[in-house]
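Dear colleague,

I am passing on the structure we spoke about, and my notes on it follow below. Please read them alongside the model itself.

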Amino acid sequence: METILLQLLNGLDKGSAYALIALGLTLIFGTLGVVNFAHGAIFMIGAFCAVTLSRIFSISFETVDPTKLDFLGNPAKIKTPYVEAWFGADAGAWMIDWAVPLAILFSIPIMIAVGWAMERGLIKHFYKRPHADQILVTFGLAIVLQEIIKYFYGANPISTPAPDAFRGSFDFGAALGFDPNVIIYPYWRLIYFGFAAVVIGAVFSFLRFTTFGMVVRAGMADRETVGLLGINIDRKFTIMFGLAAAVAGMAGVMYAPILSPNYHMGMDFLVLSFVVVVVGGMGSLPGAVAAGFLLGILESFSSMNEIKSIIPGIDQIIIYVVAIIILLTRPRGLMGKKGVMED
Amino acid sequence: MFGLNKKDTTFLLIVIGLTLFTPILMQPFAEGSGLAQFNGGYPDLMQKVAIFGIFAVGFNILFGLTGYLSFGHAAFLGIGSYSAVWMFKLLTMNVIPGILLAMIVSGLFAAAIGYVSLRRSGIYFSILTLAFAQMCYKMAYSVLTPLTNGETGLQLALDDPRILDKAIEGSSLPVTNIFGLAMNSTYKLEVMNHVFTFSVGFYFCAVIAILAFYVAIRLFRSPFGMMLRAVKSNQHRMNYTGLDPKPYTLAAFVISGMYAGLAGGLLAAMDPLAGADRMLWTASGEVVIMTILGGAGTLMGPVLGAGVIKYLENIFSKINETVLHSWFHWLPDGIEDVVVWVFARFTGEGWHLTLGVTFMLVVTFLPGGLIQGLGHIRDRFKNGKKKRDKYDDPDPDHHPAPTKRVAGE
């Protein structure tokens, strides 16, 4: 029981990341009908937003403190970050500590701008082209974005810690009445899950309860008719692309403390997210979310020793096996709709 | 000749000529001259061009003719390499059995994977093949370590059985050969300060590449090739005519898988080592890029694409800032630094950036690849500049000329 619960929890954070990226992919696919292979790169750019902000906050200037001496006997130089000088020592230290959560605010405008630029600059020209061309051009774009990030940040992973307050672990076992120290779960992963739930909820209620969302849903169902009613659906869809980029970007920002950002993390997640989208059903938002969590949890269950001893290596390939089985038995995916991407 | 019509025979002969003289053609600059670094006539690069040419030609049989975009073809390349190395380890260092086994094994894998993936089309097919390839990659790293030697990669060892070969003397590893002729033996010819390297390995690859190319021509011109084109243009119509597209696409998938296996076997024959990264999905992406860059659905396109990419990869990776400074030293200092900085981003380490940018430009502006670009240039020379409108398209099937309006209609 304890191990099952533990694996369930372990699957949640990875599942949340899959679900968030897959949600963005599905939004883009459902609205614009574009298969976006650059979405993983957007996730990666989000993670590097967190790195950038924590670097900006720690830019410091040096002052000489004549009262103290360093080990060579010279007057000690003390580095003070600018934020501490401007906002006071306490507030400055707090900002440096909380760089990752603050980066969410910082990343939203950036990601919307990136998404908008991608849609207007490149993807706009590919609506009428075959899906193969869309895959290929966004694949090229992903390589370019990845190389740009590699140039600025280098090829090594950059560790970006979570705020001190969340650095410990939460003892689930003790809270639920099991033995202590059996089910231990880092706070940050818990927060990641909560954050993902909030974002997913926000996206769904945005689509469900606002006029804008209603128009977008109508456009997803029948683009032409909405256009005939005098609504500029292209403009709305561009905004949705920006929104999808922001969702993936925020997922990346929050993931930075879990996995130190490196330039190819986007590609690693992209392949899996595509599998998630296909399993959930192309164009189905609830399907993408459900499949994301399902595959994340299955992945963590299959890495249990008990299961690995029966089928060795299953933890590496479980996602693909599940994807293949589902595609062959339920061709439209778990919640796919009829008529979407069927040719 | 060879069961081809006159035009194709000329074409094939030109290709054969170009291939056999590659060591000379790719070495146009004199040794020691400033342009010597653009010479591509060394065996390693030429072999790679030939091998990836085969890989891309095979991929094109699937993608160019049937329109099914496989994102997992590198799996067959890797499987081919592994089987060939096993043959070198167990049976003999002669490359022929190794390559044959590589083709057979990858063909079997292609039949199994194709049978499952071809039940879906479009993006689903791409994802399924991608999933299978990733599965092969992950399994090569984890469960199948006894077969693949995991992260280290499969290598030759001194105590391998090699049933047909004599016991090795000394402590050096044997080299791959074809009936005693070592693959890495070369003959250097020096003419007027030009050094031409003729290597056994390259000619072996070249002969196989020509054979593979010939098979591809025959396939393109055959009724079978016509069926594959029918699959691409309209499967429903094909069904209505009473034809089942499935066996044709599966056959195309297996054939292109065997081409990939052949390429993998050759890679192992040139350098008897097989690693799992050959199966990574970026490797699958690479062959897609080659095919598209050259021109999908054309005969020469994939070979051209493979050549251009492998050549640029080798040459661009060699150019560093020192070289760039020596090129642009005639510019004023400030401008020189800027120019060098810009170029340095695209060369050396930044080779992938060039690749990505080229790829985006080609897909956006030249969907037909370089072959289409060359065609445009030829038209320009032949017909001179003339105003084009959208009805000028020489593709009557998809862009029929507008019917003349009749008075009183």
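The domain bounds used here come from an automatic or database domain assignment. On that basis chain B is divided into domain 1 (6-300) and domain 2 (319-384), and the C-alpha centres of these two domains of chain B lie 28 Å apart.

Please keep in mind that this is a predicted model, in which local features need pLDDT of at least 70 and side-chain atom pairs count only at pLDDT 80 or more, while totals for chains, interfaces and linings use all residues. Residues are numbered from 1 along each chain as its sequence is written, and chains are lettered from A and ligands numbered from 1 in the order in which they are written.

Counting two residues as in contact if their C-beta atoms, placed from the backbone, lie within 7 Å, 8 residues of domain 1 of chain B touch 8 residues of domain 2 of chain B. The domain 1 side of that contact has 5 nonpolar, 3 polar and no charged residues, where Ala, Val, Leu, Ile, Met, Phe, Trp, Tyr, Cys and Pro count as nonpolar, Asp, Glu, Lys and Arg as charged, and the others, Gly among them, as polar.

Between the chains, 35 residues of chain B are in contact with 31 residues of chain A. On the chain B side, the largest share, 12 residues, comes from α6(B), helices being DSSP runs (H or I, at least four residues) numbered from the N terminus. By class, this side of chain B has 21 nonpolar, 10 polar and 4 charged residues.

With best wishes

Conventions:
Helices (H or I, at least four residues) and strands (E, at least two) are DSSP runs, numbered from the N terminus.
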